[in-house]
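Try each task before reading its solution.

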Amino acid sequence: MTEGVSRPRKPKGAGNERRLARSGEDFDIIIGFLGFWAVVLLVVTVWMEVTGQPALWWALGLLATLLAIYGMLRLRKRLPERR
């Protein structure tokens with residue numbers, strides 16, 4: 001029934017703006033998730049230090065989380081502004 005009828009094609013760049021905005025929102029979600037765990041690790045590290053227990057691994061986990069947040073924020077800045 002629709003043989004020989006072609007639909008107009010979208011340009012190759014169509015939808016890129018929406019995809020970039022969506023990926024920016026994904027970055028925001030990941031940054032929030034990492035921020036939550038950074039706060040948890042900070043509280044645990046401080047508690048371990050106050051009670052005199054070894055806190056090296058907790059502190060290293062906190063450092064890794066903070067470095068991941070820093071990296072995600074730098075990547076997020078490259079994306080366009082949200083509207």
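**Exercise 1.** Is Arg 76 buried or exposed? Find its element and a side-chain partner too.

*Solution.* This is a predicted model, so we read the values as computed from it. Start with the location: Arg 76 sits in helix 2. Next, take its relative accessible area, which is 15%. Buried means under 20%, so Arg 76 is buried. Finally, look for a partner: the side chain of Arg 76 makes a polar contact of 2.9 Å with that of Asp 28.

**Exercise 2.** Which residues make up the largest nonpolar core, and which helix gives the most to this core?

*Solution.* First list the members: Ile 31, Leu 34, Ala 38, Leu 41, Leu 62, Ile 69 and Met 72, seven residues in all. Then assign them to elements: helix 1 (16-51) and helix 2 (56-77) each give two or more residues to this core. Helix 1 gives the most, with four residues.

Now zoom in on one member. Leaving aside residues up to four places away in sequence, Leu 34 touches Thr 65, Ala 68, Ile 69 and Met 72.

**Exercise 3.** How does Leu 63 count in terms of accessibility, and what distance separates its C-alpha atom from that of Leu 42?

*Solution.* Begin with the element: Leu 63 belongs to helix 2. Its relative accessibility is 45%. For the distance, the C-alpha atoms of Leu 63 and Leu 42 are separated by 9.6 Å, with the two residues 21 apart along the chain.

Notes. Residues numbered from 1 in each chain as written. Predicted model: local features only at pLDDT ≥ 70, side-chain atom pairs only at ≥ 80, totals over all residues. Heavy atoms only, no water. Core = buried A, V, L, I, M, F, W, Y, C linked by side-chain atoms within 4.5 Å. Buried < 20%, exposed > 50% of the residue type's maximum accessible area, 1.4 Å probe, protein only. Contact = heavy atoms within 4.5 Å. Polar contact = N/O pair within 3.5 Å; in protein donor to acceptor, adjacent residues only side chain to side chain.
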